[in-house]
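Open your viewer and get ready to click along. We'll go stop by stop, and each stop tells you what to select and what you'll find there.

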Amino acid sequence: MTANSRAATVFRYSVLAVVASLYGCGGSSGGSEPASANIALSGIIDIETGTRVDADDADTLALSASPLGSPQLLPQEFILAGYVSISDGTYPDRDEFPGNNYPADPVDTFSMTLREGQNVYLQPFSTNQGFSPLILSLLSGSRVIETVATNNQVDPIRVSLPDTETAGAYTLQVRAVGAAPMLYILSTSAADSAHAMAFEWPDHDFVDAEAIVVLKAYKDSVSMRSTMPLHLMEPKQELASGVWLMKAPSQMARSSQAQSKESTLAWIRTLNRRPEIASATPNYKMRAMQTPLDEPLYNSPSVGQQWHYELLNAPIAWQIAPGGGSGVTLAVMDTGLFGAPGNWHSELNANVVQPLPEGTDFVSEEFDNDGVPGPDNNPSDPGNVVGSGVSHGTHVAGTIAAAVNGAGGAGIAYKSSLLPVRVLGEGGTGSSADLLAALRWVAGPSDGEPLAEIVNLSLGGLPFLQQLQDAISYGTSRGIVFVAAAGNSASTLASYPAAFDKVFAVSAVDGAGVLASYSNYGDWIDVAAPGGDASRDGNADGRSDLVSSSSAALVNGTVQETYIGLQGTSMAAPHVSAVFALMKSLNPALNYEQLNNMLMTGKLTCGSETCPKSTELGWGLLDAGKSALAAAGATVSDFLTASPSIVSLSTEGELSASVSLSVYGSAPGDIIIESVSVVAPWLRLDSAPVSGDSGTDFGISVTLLPEALEAGISERTNIVVEYRSDELRRLEIPVIGQRVTDQQARDAGRHFVLLVDPEPTGDRYTTVAQTSAVAENGQYQFSFLPDDGEMPRMLNEVPPGDYILVAGTDLDNDGLICHAGEACAEYPVAGLREEITIRQGDPVTGVRMTTSYSRPSISAATPGVLPRPAFIGYRLIQQQPESGEDNGGTAPKTIGAER
Amino acid sequence: MIAAYRKVLAGLPLVSLLVGCVWLVGCASSEPVKKESSAPMARQVTQSAHCGLTGPGLAYVHTSERLQELLELPAQNMAIQQLRQVDLAKEHLLFVTLGEKPTGGHSVSLGSAESEQSGNILRLSMAVRAPVPGTMVSQVITSPCVVIAVPATGLLEIRVSGVRESDLVVKL
């Protein structure tokens with residue numbers, strides 16, 4: 001995840017979820033937080049990755065703790081704020097308040113593992129006592145490796161593990177040498193590490209040890225064998241007159257996959273130098289043989305997003321049904337397609353039925369916005385009049401039938417025929433009458449054929465209408481299979497057309513195969529498929545679980561084709577329609593009754609198991625491989641399949657994984673392993689079958705090597721298995737690796753959470769209410785109580801009004817939070833304060849923000865972009881010695897400290 | 001088409017030029033909405049059914065960094081170019097969002113704008129649409145919003161009506 005996307009994620013979960021609650025929504029954004037009963041305001045403060053805090057800062061020492069006697073352990077990558085002072089003392093009085101005491105803590109010692117060449121930086125920050133130098137030392141045991149002193153309070157200093165030292169455990173010391181107490185931030189920089197290694201995928205894969213050779217002066221194969229240098233190549237197949245598929249000599253070294261590729265290229269270069277040969281080229285794996293696995297949107301480490309295909313076990317289905325659904329026509333009754341007849345979205349154009357039958361636009365005038373009011377012959381999606389859309393029908397159609405073309409992604413039935421039928425108009429809305437007309441139309445004339453074999457209906461919201469049921473029953477009687485989205489109301493209420501008899505109702509799951517938070521469910525659900533869930537990352541790939549497919553977006557004033565991630569049962573239904581298309585390409589006779597029987601007898605879902613029917617997933621999550629096998633009957637050769645079909649490893653999840661390989665086939669027999677390889681430096685192949693092993697079941701185990709990964713970044717690679725059944729085949733098992741900093745260890749120090757008056761007095765903000773919290777599982781939870789009117793008012797009681805919500809540490813114990821060198825969070829985003837309104841009897845819950853040592857005013861390249869020239873921090877509520885109030889008998893700095 | 005919608009905000013006229021503003025011709029922004037005989041106070045920059053903003057409310061944008069945060073949200077599809085063309089030194093952006101909706105057919109747009117207190121307070125009235133129950137709709141999760149450009153200086157408060165039962169307020 002990039003820094004920007006992290007920021008965006010933080011924003012998403014903090015700002016906007018909370019904006020809802022600010023105005024009385026009252027809903028929680030999830031996660032655990034205090035119950036809302038008798039709460040005025042509550043929420044959670046997240047902590048940025050890698051954040052740690054000095055265990056004996058001044059604020060901690062003020063609560064009677066003693067300086068640490070042993071080194072504080074740190075992870076390899078971190079950012080830590082700390083405090084040192086050579087002696088104790090008292091800060092000067094500020095305004096009407098007496099200065100706080102600061103304790104002595106002359107040295108902080110840390111223990112951590114360092115890599116060779118790894119840097120550790122120290123940024124000093126003065127307290128209001130002025131600047132004192134700091135000394136940063138790197139030690140191995142008692143041996144000093146490097147010592148650096150700060151010259152001023154601006155420039156950071158750095159120590160580095162020299163090349164003469166070996167990676168391992170070292171000690172860092174931060175020592176105060178002047179009279180004034182000092183704050184500092186100590187950090188590592190992952191960007192400086194030398195482990196960044198990129199694995200470059202070849203542009204075009206080719207078959208090892210094979211070449212296509214064009215011969216000069218070719219007469220026939222007999223003369224060829226007598227004149228050609230056969231010690232350099234072995235004829236395998238004559239492709240055309242004078243064009244031969246040649247094999248390399250068997251003695252060519254093949255000690256690894258990479259060397260095999262390189263030796264093949266070297267061999268081809270040798271052939272090209274021979275006078276008898278006009279040309280020799282690699283035997284490129286043909287486009288025609290490619291599947292959606294070869295598309296960037298699926299396999300690119302940077303943009304690979306089609307997790308939903310793996311969850312569906314689609315890769316094995318593509319092996320069993322290499323035709324990609326060719327010969328099967330699917331009608332997508334939706335908003336139409338982006339583009340125009342003959343020039344549709346480039347991912348779809350090749351597969352759209354040509355010519356289109358007449359009458360493909362059924363949108364009546366009331367809903368129509370295509371400039372030609374009422375039904376017509378053009379199913380183009382004009383977008384929305386009000387608010388830009390996402391070409392809903394284009395997205396749905398892409399999941400079904402986007403072509404394999406080396407760009408973007410591809411659909412599951414990537415060679416099927418697509419019949420766009422427009423029944424939804426402005427904003428994705430339409431009428432039951434239009435749908436009824438379309439359903440009758442697609443069934444075809446009574447003396448003719450239906451216009452499609454499968455109809456996808458990613459629409460809903462209709463009540464039961466007998467006419468629609470009749471139209472569907474009639475279509476089914478003519479062999480049409482109907483698939484519909486279950487709806488997104490997260491309820492059991494039957495949604496039509498999905499709930500009609502003889503329609504496959506599809507619920508949606510996220511990347512972990514769990515029912516999506518929005519999906520409808522109930523005993524009327526037939527089957528589940530990936531629909532995505534933006535609020536989850538169920539497959540731990542570092543991205544929201546959206547379903548990626550073809551779309552269109554407004555760019556530079558014109559609508560252009562693109563890909564986009566969406567979520568909804570609209571996205572789940574086309575997965576089922578497309579798998580049915582693959583099945584019907586293998587067995588055209590399959591109809592609703594047969595498919596339904598297969599579904600109910602466990603032949604289409606749940607991998608090697610048989611699922612009982614549930615209200616959430618119906619008969620279970622669709623398994624495309626199993627479905628294709630069921631459809632193929634006795635005609636399937638042996639294929640190797642992996643379980644799980646995708647491996648996710650992370651430092652916060654599983655570090656190792658075992659993958660079971662088993663043979664798929666009508667009558668599974670032994671296959672022979674040719675090779676098993678892994679090329680990513682961050683993945684270790686622990687065990688695997690070796691070349692020549694034969695059987696029907698194999699096991700592979702792999703282990704994540706986190707030190708070879710950049711923290712927080714997901715990487716992707718494949719375990720490649722080459723095997724021989726009826727021919728040489730290849731299975732690629734995607735592996736996602738992620739090195740996640742231990743979130744539970746994040747700690748930015750005790751946080752004071754303040755509600756302050758938005759109107760400053762001069763350059764000072766007045767704190768109205770205050771609480772505090774310590775980090776638990778990498779988060780702070782806080783809550784304020786409504787002011788009950790009783791005096792004295794507790795610090796954490798808040799009267800109705802408008803406030804700014806801030807939180808931060810007071811590491812130097814000067815009674816101010818959020819100044820440089822201390823952690824700070826502002827609602828909703830640091831540097832971008834917005835007001836929160838507290839109303840009587842209207843609790844605001846689910847507030848979320850993130851604390852950090854960095855902030856816009858520090859990180860901005862240009863000083864003054866976000867100026868707060870006189871800002872010294874937010875003032876904690878101090879005891880008013882003259883007031884006599886005891887605030888419930890609790891010292892302000894300990895309010896909430898027990899949390 | 002209008003009859004198919006339940007206009008949540010009663011009594012607010014839809015800005016006329018939103019009708020017919022089909023994206024195919026690149027028309028996603030409106031003319032400035034202004035009070036009679038006063039300077040333009042607000043203009044609609046763009047709308048989207050997929051803003052990626054999960055909660056209903058307001059998001060005020062006065063820096064390019066903040067705008068970038070909003071443009072990188074998951075499940076977002078907006079006219080990015082039009083938003084980036086706004087000169088944030090002269091105009092700030094206000095995202096008015098309905099939050100996540102379970103289907104297509106929801107939208108929000110700028111109805112009217114007027115100023116109070118010598119231009120210190122800007123009142124924006126929004127027109128919100130939702131499909132009538134029983135209407136056939138696409139089953140995709142949407143997050144409708146509208147982005148409105150407001151003057152970068154001079155405003156102390158923006159009050160937005162029509163999205164929630166009570167006004168949404170941004171104090172500047």
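**Before you start.** Chains are lettered from A and ligands numbered from 1 in the order in which they are written, and residues are numbered from 1 along each chain as its sequence is written. This is a predicted model, where local features need pLDDT of at least 70, side-chain atom pairs count only at pLDDT 80 or more, and totals for chains, interfaces and linings use all residues.

**Stop 1: colour chain A by confidence.** pLDDT is the predictor's confidence in each residue, from 0 to 100. Chain A averages 79, and 80% of the residues score at least 70.

**Stop 2: select β23 of chain A, residues 454-457.** A residue is buried if 20 or more other C-beta atoms lie within 10 Å of its own, exposed if 12 or fewer, and partly exposed in between, with C-beta atoms placed from the backbone. In β23(A), A:Ile454 and A:Asn456 are buried on one side, and A:Val455 and A:Leu457 are buried on the other. In a regular strand the side chains alternate between the two faces of the sheet.

Strand β18 (residues 329-334) of chain A runs parallel to β23(A), with three bridges, and A:Leu330 sits opposite A:Ile454. Strand β25 (residues 481-485) of chain A is also parallel to β23(A), joined by four bridges. Here A:Ile454 stands opposite A:Val481.

**Stop 3: select A:Val483.** Two residues are in contact if their C-beta atoms, placed from the backbone, lie within 7 Å. Among the residues that A:Val483 touches are A:Ile454, A:Phe504, A:Val506 and A:Phe580. A nonpolar core is a set of buried Ala, Val, Leu, Ile, Met, Phe, Trp, Tyr and Cys residues joined through C-beta atoms within 7 Å. The largest one has 151 residues, and A:Val483 and A:Leu330 are among those touching the most other members. Helix α11 (residues 569-586) of chain A gives the most to this core, with eleven residues.

**Stop 4: select β30, β32, β36 and β34 of chain A.** These four strands form an open antiparallel sheet in that order. Its edge strands, β30 (639-643) and β34 (683-687), each pair on one side only. Zoom in on β30(A) and β32 (residues 656-664) of chain A, which are antiparallel over five bridges. A:Ala642 has A:Leu661 in β32(A) as its bridge partner.

Finish on B:Gly55, in the loop between β3 (42-48) and β4 (56-61) of chain B. Is B:Gly55 buried or exposed? B:Gly55 is buried because 24 other C-beta atoms lie within 10 Å. Now select B:Thr97 too: the C-alpha atoms of B:Gly55 and B:Thr97 are 7.2 Å apart, although the two residues are 42 residues apart along the chain.

Technical notes:
Helix = DSSP H or I, 4+ residues; strand = E, 2+ residues; numbered from the N terminus. Pairing = 2+ DSSP bridges. Lists of a residue's contacts leave out its neighbours within four places in sequence.
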